[in-house]
Amino acid sequence: MATTDRLHVETHDFDELYRILSRTAERAPLELIDGKVHGKAGPDGTHGCIMQWLVRCCLRSRPELWLYPVQGLRVQRHLLGRARPDGALAPSGAFAGQGEWVDPGPVLMAVEVTSYDSDTDARDRVEKPRSYAETGVPVYPLIDRDSCEVTVYSEPDGVRYESARTVPFGKSVVLPDPVGITLETEQLKDWVH
């Protein structure tokens, strides 16, 4: 089924579907963006290496924060969407006591690393930046393995990010406040194939 052929799903229906599928042997990594259900591709080994590198960068610069892997976030207007960024940077312990889909208020940054699946272009480059901007997530870096670039989106205005800065792997890039981390991306060149 093409991306444009997806059925519109209400949030409560998605939540029920998710509860049912999560009881199966393998959890279904599903997301709900713009009323459309998306399956999130499982990470490959290189994806894991990139996330490990990013966790270490964040811990070195901001040890009071944690990069929560694939934490479910309520996103978009009225928080009716459901997204699982590859990482959500927030204060350590920020989501204690919350369920599967947490309030995105404490999130300083949602990060995605592109996967090699048919939905990556629409999901990571179009729908996710819009969803995170509508939600008010201050910074959204996209580590794009296809183009070997990092794009850092910032300054959400409730509809879109007003700023986007793209650098090739190998150059440093600033994750602006409230994150306040500079990434030296030279190591990302080791994982290009």
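At 13% relative accessibility, Tyr68 counts as buried (buried is under 20% relative accessible area, exposed is over 50%, and partly exposed is in between, with a 1.4 Å probe and protein chains only). Keep in mind that this is a predicted model, where local features need pLDDT of at least 70, side-chain atom pairs count only at pLDDT 80 or more, and totals for chains, interfaces and linings use all residues. Residues are numbered from 1 along each chain as its sequence is written, and side-chain values use heavy atoms, with hydrogens and water left out.

There are 4 aromatic pairs in the structure. Rings of Phe, Tyr and Trp (its six-membered ring) pair if their centres lie within 6.5 Å; planes under 30 degrees apart are stacked, over 60 edge-to-face, and the rest tilted. Tyr68 pairs with Phe95: the ring centres are 4.8 Å apart and the planes sit at 65°, so this one is edge-to-face. The two come from distant parts of the chain, 27 residues apart, with Tyr68 in strand S3 (residues 65–69) and Phe95 in the loop between strand S6 (87–91) and strand S7 (101–102). Phe95 is buried too, at 7% relative accessibility.

## The tyrosine cluster

Now for Tyr140 and Tyr153: their ring centres are 5.4 Å apart and their planes at 20°, so they are stacked. This pair also links distant parts of the chain, with Tyr140 in strand S9 (residues 139–144) and Tyr153 in strand S10 (residues 149–156), 13 residues apart. Both Tyr140 and Tyr153 are buried. They belong to one aromatic cluster along with Tyr132 and Tyr161.

Elsewhere, a ring meets a charge: Arg84 has its charged end over the ring of Trp101, 4.5 Å from the centre. The test for that is NZ of Lys or CZ of Arg within 6 Å of the ring centre and within 35 degrees of the ring normal.

## Salt bridges

Side chains of opposite charge can pair when their charged atoms come close. A salt bridge here is a side-chain nitrogen of Lys or Arg within 4 Å of a carboxyl oxygen of Asp or Glu, and the structure holds 7 of them. One joins Lys128 to Glu112, with the closest N and O atoms 2.6 Å apart. Lys128 is in helix H3 (residues 120–135) and Glu112 in strand S8 (residues 109–113), 16 residues apart. Lys128 and Glu112 are buried.

Another connects Asp146 with Arg125, the closest N and O atoms being 2.8 Å apart. Asp146 lies in the loop between S9 and S10 and Arg125 in helix H3, so the pair ties together parts 21 residues apart in sequence. Asp146 is partly exposed at 46%, and so is Arg125 at 23%. With Asp144, Arg125 and Asp146 are linked in a network of salt bridges.

## Cysteines

Searching the whole structure turns up 0 disulfides, a disulfide being a pair of cysteine sulfur atoms within 2.5 Å. Cys58 has the sulfur of Cys57 as its nearest cysteine sulfur, 6.7 Å away. Cys58 is buried at 3% relative accessibility, while Cys49 is partly exposed at 30%.

## The whole protein

The protein has 3 helices and 13 strands (DSSP runs numbered from the N terminus: helices are H or I with at least four residues, strands are E with at least two). Of its 193 residues, 47% are buried.
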